[in-house]
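The sequence and model follow.

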Amino acid sequence: MSQILKLSEVKLISGLSASSVYRGAANGTFPKPIKLSERSSGWIKAEVEQWLKERIEASRNDSEVA
């Protein structure tokens, strides 16, 4: 079963601000949140971790990070 992260946890893991998280989700450069209820969203932990792994690999390979 997948773990769900709230925005505060996503910000800690990613190092991004809330606005950067939402902007990245909107333009496809960060995982999109899932709707948990009418007023609550969360991110799938594995997707956020994969995003972070890709950023690390890109920086280690001197590739441009999106």
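The buried residues of H2 are covered by elements that include H1 and E3. Helix H2 spans residues 18–27, and its buried residues are Val 21, Gly 24 and Ala 25. They cover an arc of only 100° around the axis, which puts them on the same side of H2; the arc is that of the directions from the helix axis to the C-beta atoms. Buried here means under 20% relative accessible area, exposed means over 50%, and partly exposed lies in between, with a 1.4 Å probe and protein chains only. Helices (H or I, at least four residues) and strands (E, at least two) are DSSP runs numbered from the N terminus. Just after H2, Gly 28 has a positive phi of about 85°.

The model is predicted: local features need pLDDT of at least 70, side-chain atom pairs count only at pLDDT 80 or more, and totals for chains, interfaces and linings use all residues. Residues are numbered from 1 along each chain as its sequence is written, and side-chain values use heavy atoms, leaving out hydrogens and water.

Contact means heavy atoms within 4.5 Å. Val 21 also belongs to the largest nonpolar core, which has seven residues in all: Leu 5, Val 10, Val 21, Phe 30, Trp 43, Val 48 and Trp 51. A nonpolar core is a set of buried Ala, Val, Leu, Ile, Met, Phe, Trp, Tyr and Cys residues joined through side-chain atoms within 4.5 Å. In soluble globular proteins, nonpolar side chains tend to be buried together.

The sheet is open, with three strands in the order E1-E3-E2 and antiparallel pairing. E1 and E2 are the edge strands, each pairing on one side only. Two strands pair if DSSP finds at least two bridges between them; E2 and E3 have three. Ser 37 stands opposite Ser 40 in E3.

| E1 | 4–5 |
| E2 | 34–37 |

Which residues of H3 are buried? They are Val 48, Trp 51, Arg 55 and Ala 58. Seen down the axis of H3, these buried residues fall within an arc of 90°, so they line one face of the helix. They pack against E1, helix H1 (7–14) and E3. The face turned away from the buried side carries the exposed residues Ala 46 and Arg 60. Leu 52, also in H3, is partly exposed, with a relative accessible area of 28%. Asp 62, which follows H3, has a positive phi near 55°.

Overall, the chain has three helices and three strands, in the pattern β-α-α-β-β-α along the sequence. Buried residues make up 24% of its 66 residues. Of the contacts with a separation of 6 or more, 38% are between residues 24 or more positions apart. The C-alpha atoms fill a box of roughly 40 × 25 × 20 Å, taken along the principal axes.
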